[in-house]
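Okay, thanks for coming, everyone. Let me put the structure up and we'll walk through it together.

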Amino acid sequence: MSTEKSIVICMGSSCFARGNKKNLALIEDFLETRNLSASIRLEGSHCASQCQSGPNIRIDGTLYQYVDTGMLLDILEKHFSVAAKE
Ligand code: FES
């Protein structure tokens, strides 16, 4: 029951400018094409003062840093590929 799926993407200006703008588009596309929009909560966060290691994205509680679109797709697949059933 405590396994709520969530993606928290830093929307602070540094992370956003350095890649989370593209990352956000990729996440939205990923969720939409796999019909996951209803089962995974996507939200933005404010700057967490870790800009130097950004872009930062937290998925199911795990913080990923220096995220680019290539690795993001792998991360999403890893976390959510089995969640695509419903
Ligand atoms: S803008 Fe993301 S940690 Fe500062």
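Predicted model: local features only at pLDDT ≥ 70, side-chain atom pairs only at ≥ 80, totals over all residues.

Y66 sits in the loop between strand 4 and helix 2, and its phi is positive, about 55°, even though Y66 is not a glycine.

There's a second residue like that. D60, also not a glycine, has a positive phi of about 50°. You'll find D60 in the loop between strand 3 and strand 4.

The peptide bond joining G54 and P55 is cis, with omega about 0°. P55 belongs to the loop between strand 2 and strand 3. As a reminder, most residues other than glycine have a negative phi, and most peptide bonds are trans.

Okay, zooming out. We've got two helices and four strands, and from the N terminus on they go β-α-β-β-β-α. The radius of gyration is 12 Å, close to the 12 Å from the globule rule for 86 residues, so the protein is as compact as a globular protein of that length. The C-alpha trace spans about 35 × 25 × 20 Å along the principal axes. Of the 86 residues, 22% count as buried. If you take contacts with a separation of 6 or more, 72% of them come from residues 24 or more positions apart.

What order do the four strands take? The order is 2-1-3-4, in an open sheet with mixed pairing. From one strand to the next, the twist averages 20°. Strand 3, residues 57-59, runs antiparallel to strand 4, and three bridges join them. In that pairing, R58 stands opposite L63 of strand 4.

Over on strand 2, I'd point you to R41. R41 is exposed, with 11 other C-beta atoms within 10 Å. Leaving aside neighbours within four places in sequence, R41 is in contact with E4, K5 and S6. E4 is 37 residues away from R41 in sequence, yet the C-alpha to C-alpha distance is 8.1 Å.

Compare that with S39, in the loop between helix 1 and strand 2 (40-45). S39 and Q50 are eleven residues apart along the chain, and their C-alpha atoms are separated by 28 Å. S39 counts as partly exposed, with 15 C-beta neighbours inside 10 Å.

Helix 1 lies across strand 1 (5-10), strand 2 and strand 3, and runs at about 155° to strand 1. So where do the two helices meet? The axes of helix 1 (residues 13-33) and helix 2 (residues 69-80) come within 10 Å and cross at roughly 30°. K22, N23, L26, I27 and F30 make the contact from helix 1, with T69, L72, L73 and L76 from helix 2. By class that's six nonpolar, two polar and one charged residues. And the crossing is right-handed.

Key
Residues numbered from 1 in each chain as written. Axes fitted to C-alpha atoms, helices over the stretch in contact; angles between N-to-C directions. Left-handed = near helix turned anticlockwise from the far one by under 90°. Contact = placed C-beta atoms within 7 Å. Nonpolar A, V, L, I, M, F, W, Y, C, P; charged D, E, K, R; others polar. Buried ≥ 20, exposed ≤ 12 C-beta atoms within 10 Å, placed from the backbone. Rg over C-alpha atoms; globule rule 2.2 N^0.38 Å. Pairing = 2+ DSSP bridges.
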